[in-house]
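Here are my notes on this one, written as I went through it. Have the viewer open while you read.

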Amino acid sequence: MPPRIRLQTRQLKVRIYHHQIPSQPCFYASLATATTPAPPIEQTIHSVSPIARFPPTQPPSHKPPEVRKSQLHREYQSLLKSSPLVLIFQHNNLRAVEWMGIRRELAIALRKVDAELAATGHKDLYADAIKIQIIQTGIFASALRVVEFYNPESTELPTQHPSNPATATLAHGLSRQAHEAASDRKKKLDLAPLLSGPVAVVSFPAVSPQHLKAALSILSPSAPNFPAPKRKANPSYHEPAVQNGIQKLMMLGARVDGKAFDQEGTKWVGGISGGLDGLRGQLVGMLQNVGAGVTNALEGASQSVYFTMEGRKYMMEEAEKGPEEKKGGEEAKPEGEEAKPE
């Protein structure tokens, strides 16, 4: 009888296709089943804390950033930080046609200044960057308080990501720290009396007396320093719409390098001959004159002391030589000469 052959059992995996059994869905059949280990008890009880994140382009703010007031607040902060020279005007019921004519004439005058500067070799051309716009007075005053009284560099930023974005310490103009700094009513603004009623501002990207003079000649003309354009030179300036708009504008003051200026101070800045280069030349001349005056004063004082000391020295020498010369003169008399009786 032949020996028996022992067969080893193996795990079989059979796949049944749809075309074989159409009525049944596709599945796998296996002779051996595998078990998945259960998760640990700590993982089922304690959940992982969510990560608090916010986009870098829109950090959390004290007030909702999507509303129009917050957007205007950010816009006014940017305007004040990027404009060292801002003119403040009060406007009274200007129509759209009047605003259009004023903006047109202002652009024409500023471009003429750029053409003159370009002809002399200057590269500082600001005509296209100077804008006039109507502002919301209350929001502009709040933005000015943030710019004046809030210092982002002094804010201590967290070293780790904050767990709660609403209470995060952030250094931007709409943060909670900026709101607290601007809410301190003990601090007063120099421009606070001017920020009331309907207000429009003219922003300059740099302190340019030439451009300021041209803007004042259009928006607030006054002879003889800031004359209005002649009718022959610029007939469009004398149109009724433009003239009516100019009469409804009144200059209140200006903000120059963070300082408040009244009308006279603003006109003084615009009346600087030669612009900043002329102002620098005047300053150098003044410093040279002051240096020459100090030098002459010091030299005069030293010369006076020298002459006084020399005169005193000569007097002392004469006082010492006097008795000796008299005694030597008596000894030098001839022997035959008799002394006169007293």
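1. Let me start with a spot in a loop. Asp 257 counts as exposed, at 55% relative accessibility; the cut-off for that label is over 50%. Asp 257 sits in the loop between β6 and β7 (259–261). Its phi is positive, about 55°, although Asp 257 is not a glycine. Keep in mind that this is a predicted model.

2. Asn 93 is another non-glycine residue with a positive phi, again about 55°. You'll find Asn 93 in the loop between β3 and α3. Its relative accessible area is 68%, so Asn 93 is exposed, given that exposed means over 50%.

3. One more backbone item: the peptide bond from Ala 223 to Pro 224 is cis, with omega near 0°. Pro 224 belongs to the loop between α6 and α7.

4. Now the overall picture. The protein chain has nine helices and seven strands. Of its 342 residues, 29% count as buried. If you take the contacts with a separation of 6 or more, 73% of them are between residues 24 or more positions apart.

5. What does the largest nonpolar core consist of? There are 35 residues in it, and those with the most contacts inside it are Leu 87, Phe 89, Val 202, Phe 204, Leu 212, Leu 219 and Leu 249. At least two residues each come from β3 (85–91), α3 (96–119), β5 (199–204), α6 (209–219), α7 (240–247) and β6 (249–256). The largest share, seven residues, is supplied by α3.

6. On to helix packing, with α3 and α6. Their axes come within 9 Å and cross at roughly 150°, which makes α3 roughly antiparallel to α6. The crossing of α3 past α6 is right-handed. On the α3 side, the contact includes Ile 102, Leu 106, Ala 109 and Val 113; on the α6 side, Ala 214, Ala 215, Ile 218 and Leu 219 are among the residues involved. By class, this contact has ten nonpolar, two polar and two charged residues.

7. α3 also packs against α7, at an angle of about 90° and with the axes 8 Å apart. That makes α3 roughly perpendicular to α7. Among the residues that meet here are Val 97, Gly 101 and Ile 102 in α3, and Ala 241, Val 242 and Ile 246 in α7. The contact of α3 with α7 has five nonpolar, three polar and three charged residues.

8. Last pair: α2 (residues 68–82) and α4 (residues 137–149). How far apart are the axes of α2 and α4, and at what angle do they pack? The axes are 9 Å apart, and the angle is about 55°. α2 and α4 are therefore oblique to each other, and α2 passes α4 in a right-handed crossing. Leu 72, Tyr 76 and Leu 80 are among the α2 residues in the contact, and Phe 140, Leu 144 and Val 147 are among those from α4. By class that gives ten nonpolar, three polar and two charged residues.

Technical notes
Residues numbered from 1 in each chain as written. Predicted model: local features only at pLDDT ≥ 70, side-chain atom pairs only at ≥ 80, totals over all residues. Heavy atoms only, no water. Core = buried A, V, L, I, M, F, W, Y, C linked by side-chain atoms within 4.5 Å. Buried < 20%, exposed > 50% of the residue type's maximum accessible area, 1.4 Å probe, protein only. Helix = DSSP H or I, 4+ residues; strand = E, 2+ residues; numbered from the N terminus. Axes fitted to C-alpha atoms, helices over the stretch in contact; angles between N-to-C directions. Parallel < 35°, antiparallel > 145°, perpendicular 65-115°, else oblique. Left-handed = near helix turned anticlockwise from the far one by under 90°. Contact = heavy atoms within 4.5 Å. Nonpolar A, V, L, I, M, F, W, Y, C, P; charged D, E, K, R; others polar.
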